[in-house]
Amino acid sequence: MCETVIPFGDALSQGYAGVLSIDLTALRHNYHLLQATAPDASMAAVVKADAYGLGAARVAQTLYDAGCRDFFVALVTEAVALRPTLPTDAHVYVLNGLLPGAEALAVEHDLIPVLNSLEQVARWSATAQQAGRPLTAVVQVDTGMSRLGMQPDQLRTLAAEPERLRGIEITHLMSHLACADEPEHPANADQLTVMAEMSALFPHLPVSFANSGGAFLGQAYHKALIRPGIALYGGAPSTDGNPMRPVVTLHVAVIQTREVPTGTRIGYGGTVVADRPLRLATLSAGYADGLPRALSNHAGVWWQGIRLPFIGRVSMDSIIINISALPDGALNPGDVVELLGPHQSIDDLASAAGTISYEILTALRSRYYRHYVEA
Ligand SMILES: *Cc1c(COP(=O)(O)O)cnc(C)c1O
């Protein structure tokens with residue numbers, strides 16, 4: 001990642017104690033890298049959950065400028081917020097489908113619902129007939145995840161009774177891979193086989209199948225439209241390694257330092273007792289800022305190339321670190337340390353917490369000063 005000047009002064013003077021920096025150049029790079037990985041497919045961006053916590057409007061605009069025209073969110077409310085931020089030739093899809101009553105909003109905002117059941121097909125068809133014009137939709141089939149989409153039998157019903165689709169213009173037949181981040185998992189090929197059968201029922205329809213992991217499973221998985229999320233944001237698409245460029249850095253300020261003698265309890269529950277005199281620093285971020293309590297005594301931060309371990313439990317708004325490795329007088333209130341950056345990736349922090357990069361990213365919420373880096 002290129003060196004950028006992170007505006008710590010601005011953040012601290014506005015009362016923030018941490019800076020979440022989002023590199024839009026790296027985002028664009030990842031977009032093009034994914035496109036090169038699936039050169040025959042068109043490419044959508046998954047920007048649900050506020051673009052995995054990075055800001056859906058800003059992320060979507062950047063990707064639109066890079067050529068992306070298809071954007072997936074999870075909820076109608078997310079789509080309604082995103083739609084007016086994008087030019088009208090962008091398409092906004094709603095992955096979680098259409099709950100009863102949401103049809104009017106979907107029509108008004110020109111959304112493309114992912115229809116996950118015959119019942120949703122029936123409601124969208126009725127809505128189209130009332131509107132007196134065709135309405136677009138994606139049809140999702142469950143090829144082996146048991147989460148969302150029609151069962152194969154229901155899709156066969158739909159193929160046999162095409163009048164159920166009256167008024168609906170289907171843009172894509174879609175399914176989602178459950179194990180794409182594990183390239184050797186046999187479920188991938190199983191789902192691909194079911195997808196081929198389902199696709200044969202609607203031979204004229206373009207297919208959307210691959211998420212980030214799927215994009216790296218080879219051309220058979222790419223189909224017409226890939227739908228990556230995490231890889232755009234720098235997370236590892238699979239257990240095979242991470243070719244993506246990091247997008248996020250996180251720095252947090254020290255708010256107090258102290259020296260404690262042998263025998264001093266440290267943090268909630270006194271889970272650590274100093275076994276020698278220690279120097280400690282307290283950071284202004286905690287589990288309410290997306291740093292899981294499971295990181296207690298497990299993770300660290302970096303400062304001038306030195307790792308400083310968490311000591312004691314992660315609190316709601318603060319974390320204590322052991323700075324005894326530093327020379328006397330180093331690291332003072334107002335200095336900032338690296339939580340995510342060149343020394344520690346989102347995948348590193350996730351594995352220290354026993355979770356995945358997706359959960360780390362989506363939890364980095366509002367209490368950081370957000371800084372977007374443009375080339
Ligand atoms: C979240 C999601 C994606 C994106 O998945 P990544 O693993 O982040 O690339 C794609 N498709 C569906 C249906 C999803 O729910």
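A cavity is a set of points on a 1 Å grid over the protein atoms alone where a 1.4 Å probe fits but cannot get out. Grid points are joined across faces, edges and corners, and a volume is the space filled by probe spheres set on the points. This is a predicted model: local features need pLDDT of at least 70, side-chain atom pairs count only at pLDDT 80 or more, and totals for chains, interfaces and linings use all residues. Residues are numbered from 1 along each chain as its sequence is written, and side-chain values use heavy atoms, with hydrogens and water left out.

View 1. One cavity of 30 Å³ or more is present in the structure. The volume of the largest cavity is about 50 Å³. Its lining residues (an atom within 4 Å of a point) are Gln140, Val141, Asp142, Thr143, Met145, Arg147, Leu148, Ser175 and His176. Three are nonpolar, four polar and two charged. Here Ala, Val, Leu, Ile, Met, Phe, Trp, Tyr, Cys and Pro count as nonpolar, Asp, Glu, Lys and Arg as charged, and the others, Gly among them, as polar.

**View 2. The largest pocket.** A pocket is an open set of grid points with protein on both sides within 12 Å along at least five of seven lines. The largest pocket has a volume of about 690 Å³. It is lined by 37 residues; Lys48, Tyr52, His176, Asn211 and Tyr358 lie nearest its centre. The lining comprises 19 nonpolar, 13 polar and five charged residues. At least two lining residues come from each of α3 (48-52), α10 (212-215), α11 (346-353) and α12 (357-363). Helices are DSSP runs (H or I, at least four residues), numbered from the N terminus.

**View 3. The ligand and its shell.** The ligand sits in the largest pocket, with more than half of its atoms within 2 Å of the grid points as the criterion. Around the ligand are 14 residues, the closest being Lys48, Tyr52, Ser212, Gly229 and Tyr358; the cut-off is a heavy atom within 4 Å. Seven of the shell residues are nonpolar, four polar and three charged.

View 4. Lys48 places a polar side-chain atom 2.7 Å from a ligand oxygen atom. Gly229 has a backbone N or O atom 2.8 Å from an oxygen atom of the ligand. For Ile230, a backbone N or O atom also lies 2.8 Å from a ligand oxygen atom. The protein covers 94% of the 390 Å² of accessible area that the ligand has on its own (Shrake-Rupley method, 1.4 Å probe).

Conventions: Polar contact = N/O pair within 3.5 Å; in protein donor to acceptor, adjacent residues only side chain to side chain.
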